[in-house]
Structure formats: C-alpha cells, structure tokens
Amino acid sequence: MNFKLLYLLLAVCTAAPSAFAQAQDWSLKRDTDGMQVYLRDVPGSPIKQIKIEATLNASLDAVVSVLKDIDAYQEWIYKCQSAKRLQPSTQNSSHYYCRVDFPWPMSDRDFIAKSKLWQDENDRTVYIEVEGLPNDREPVQDVVRIPELKISYALKPLPNEQVQMTYILHSDPAGDIPTWLVNMVVDNGPLNTVKGMREMLKKDAYRQASLSYLK
C-alpha cells in the first residue's frame, strides 16, 4: 500500500440542515489542539461524516470574510490546488469551482458547489450550507468529479472577539480508493483546513473586516 494515500483527504471546503440536530449519533475520535473531532455513520453511504468543533480567535465578520473569499481558498483549504468563482458572489450565496490535489498515481479531484448563508436574528449565529453540484459543469479531462459533497458551518459569536465554530462535512472522493482507507484518514483534511483557517484569521485584511449584512 502506498502510504501517500494517507494524505489524500481534502478539506473541502463543504451536511444537511438536520446534521446539527442529530448530535446524539456522534462519537468523539480525538481532541487535539483545541479541536474536538467527531465521526458518525451516514445512512446509505460507506463514508463517515465528520464534525469539528473549535473556538476561533477572531470576530464573526473576520470568519465569514475568510469563508467568502473564494480566490484565497488555495491558501488555507487542505490540498486545494485552485478555486474560482463561477458567478459573482452575493451576501447570501456563492457559486464556485475547486480542484483538489491528490497524490500520484491517483487523479486529482474537483467539485462545483453552491453555498447559502443566513443569520439567526436572536443569537447572531451565522449558518452556511455548501452543497456539491457535480453536474453543473462539464467534467475536466483527467480529473475525477466528486459526486457528493455537503458542508455545514455554524458560527456562533462569543465575547472577546471569538467565534464557536461547528463544521460538518460529508464527502465521497469516488474512484478506486478503499473505503476503509478513506474512513481511516477522513479527519486529516478537515483538521488541516481548520488549522489553515486559524492562520488566515491572523491577517489584517480579515481581522479588520466589517460586513454590513451581519448583525
């Protein structure tokens, strides 16, 4: 077995709304560097769903600004080789393409996704849902299109310029990768993505962000 396969998992950057409501099924895999990582089975899929809970040392505006800055995804999303907007972003939605670097001899993966954002008026929590649209564009030669992708973010503002983030991901990388291997390393990409987000949030461009559409 080529151990480079252990580094295949993307942190793609993207779970249905019910994912936040069914936390009783989650099992803790590890608690590391201030991040709690949970896994659970998904009906009809051999690939486990992952949830990461972490406190981010940044304002709500900064966190949302990082997530909305698609042109910078390759700087922090694990193995993101390139990302581009497919339509102009709005306050509440983004439509984009992302290519993910996979180790040789495997083919790179890509996905097309659309995100929706809304905010709870009472506690100011921002919710972002990302769903893959595999048939939205023609396939790219020699690149495997990810057939299923769902990501959810719940971003709850805390005192002292902090945000409690709950990040949920379910994705199928497709191809001939053994399911046991995918599940063994399913949290590697997301963990590295959250670490990358933390680094991005240190940049002045995001720390000074002020979004008029957030409360």
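**Rings, strands and a helix, by the rules**

Modeller: Five aromatic pairs come out by the ring rule. That rule pairs rings of Phe, Tyr and Trp (its six-membered ring) with centres within 6.5 Å; planes under 30 degrees apart are stacked, over 60 edge-to-face, the rest tilted.

Biologist: What makes the pair of Tyr73 and Trp76 edge-to-face?

Modeller: The ring centres of Tyr73 and Trp76 are 5.8 Å apart and the planes stand at 85 degrees, so the pair is edge-to-face. This is a predicted model, in which local features need pLDDT of at least 70 and side-chain atom pairs pLDDT 80 or more, while totals for chains, interfaces and linings use all residues. Side-chain values use heavy atoms, without hydrogens or water, and residues are numbered from 1 along each chain as its sequence is written.

Biologist: Why is Tyr73 called buried?

Modeller: Buried means under 20% relative accessible area, exposed over 50%, partly exposed in between (1.4 Å probe, protein chains only). Tyr73 has 5%, so it is buried. Trp76, at 4%, counts as buried too. Tyr73 and Trp76 form one aromatic cluster with Tyr96 and Phe111.

Biologist: Why are Trp118 and Tyr127 called partly exposed?

Modeller: Trp118 has 38% relative accessibility, so it counts as partly exposed. Tyr127 has 23%, so it counts as partly exposed.

Biologist: What makes Lys51 count as lying over the face of Tyr38?

Modeller: The rule asks for NZ of Lys or CZ of Arg within 6 Å of the ring centre and within 35 degrees of the ring normal. Lys51 lies over the face of Tyr38, at 4.9 Å from the ring centre. Lys84 lies over the face of Tyr97, at 5.7 Å.

Biologist: Which side chains of strand S7 point to the buried face?

Modeller: In S7 (residues 126-132), Val126, Ile128, Val130 and Gly132 point to one face and are buried. Strands (E, at least two residues) and helices (H or I, at least four) are DSSP runs, numbered from the N terminus.

Biologist: How do you know that S6 and S7 pair?

Modeller: Pairing needs at least two DSSP bridges. S6 (residues 109-119) and S7 have seven, in the antiparallel sense. Lys116 stands opposite Glu129 in S7. S7 also pairs with S9 (residues 148-158), antiparallel, over six bridges. There, Ala154 is the bridge partner of Tyr127.

Biologist: Why does the length of helix H3 agree with expectation?

Modeller: The expected span is 1.5 Å times one less than the number of residues. The 13 residues of H3 (residues 188-200) should therefore span 18 Å, and the end C-alpha atoms are 19 Å apart, which agrees.
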